[in-house]
Amino acid sequence: TMADTLNHPLAKHIQRLNMIRRAIPALRKGQYSTEGVKGGMAFKRRYTADGVDSFVCVSITDGATFTGVPSGTYVDAVSGKKITCTGTLTIPATGKGNMGVYVLDNGSGIKGAI
């Protein structure tokens, strides 16, 4: 029965969320902020220490706009979609209960969906 439980769609979903969290240091240890964020459930986090610079913008359900963010290419760790911005990042609506986890591609190693 343990194998059945671990293969259940909800268990698989939680496993994937944990993989995303493990791969992005900002989600684990970063400074949380909603400054410059317009959107319902949205936030940004940044972690810089020990030679790591990890920056992520997260939007849940509805779209969001993030201003004052570092320019560059952002990769969605959920879908693999890429968006290039110059200080303002707009994440489209993802649908009820879904999320976009856009990571700044600054050598983070995140190149597509996790």
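Contact is taken here to mean heavy atoms within 4.5 Å. The structure is a predicted model, in which local features need pLDDT of at least 70 and side-chain atom pairs count only at pLDDT 80 or more, whereas totals for chains, interfaces and linings use all residues. Residues are numbered from 1 along each chain as its sequence is written, and side-chain values use heavy atoms, with hydrogens and water left out.

With neighbours within four places in sequence set aside, Thr61 is in contact with Met41, Ala93, Thr94, Gly95, Lys96, Gly97 and Asn98. Thr61 itself is found in strand β3, which spans residues 52–67; helices (H or I, at least four residues) and strands (E, at least two) are DSSP runs, numbered from the N terminus. Its relative accessible area is 16%, so Thr61 is classed as buried, where buried means under 20% relative accessible area, exposed over 50% and partly exposed in between, for a 1.4 Å probe and protein chains only. The phi angle of Thr61 is near 70°, a positive value in a residue other than glycine.

Among the partners of Thr61 is Thr94, which lies in the loop between β6 (88–91) and β7 (99–104). Thr94 is partly exposed at a relative accessible area of 25%, and, its neighbours within four places in sequence again left aside, Thr94 is in contact with Ser59, Ile60, Thr61, Met99 and Gly100. Gly97, another partner of Thr61, lies in the loop between β6 and β7 and counts as exposed at 58% relative accessibility. The C-alpha atoms of Gly97 and Lys29 are separated by 24 Å, the two residues being 68 residues apart along the chain.

A positive phi also occurs at Asp50, where the angle is near 55° in a residue other than glycine. Asp50 is placed in the loop between β2 and β3, and its relative accessibility of 75% makes it exposed. Between the C-alpha atoms of Asp50 and Thr94, which are 44 residues apart along the chain, the separation is 33 Å.

Charged side chains were examined next. Side chains of opposite charge can pair when their charged atoms come close. A search of the whole structure finds one salt bridge, defined as a side-chain nitrogen of Lys or Arg within 4 Å of a carboxyl oxygen of Asp or Glu. This salt bridge is formed by Asp53 with Arg46, and the closest N and O atoms are 2.9 Å apart. Asp53 is partly exposed, with a relative accessible area of 33%, and Arg46 likewise counts as partly exposed, at 32% relative accessibility.

Lys44, in strand β2 (residues 37–49), is buried yet has no salt bridge, and the nearest side chain of opposite charge, that of Glu35, is 6.1 Å away; for this assignment Lys and Arg count as positive and Asp and Glu as negative, while His and the chain ends are not counted. The backbone oxygen of Glu35, however, lies 2.8 Å from a polar atom of the Lys44 side chain. Residues up to four places away in sequence not being counted, Lys44 touches Gln31, Tyr32, Ser33, Glu35, Val37, Phe55, Val56, Cys57, Phe66, Thr67 and Val69.

The C-alpha atoms of Asn7 and Gly95, 88 residues apart along the chain, are separated by 24 Å. His8 is also placed in the loop between α1 and α2 and is partly exposed, with a relative accessible area of 46%. His8 and Lys29 are 21 residues apart in sequence and 29 Å apart in space, C-alpha to C-alpha.

Conventions. Polar contact = N/O pair within 3.5 Å; in protein donor to acceptor, adjacent residues only side chain to side chain.
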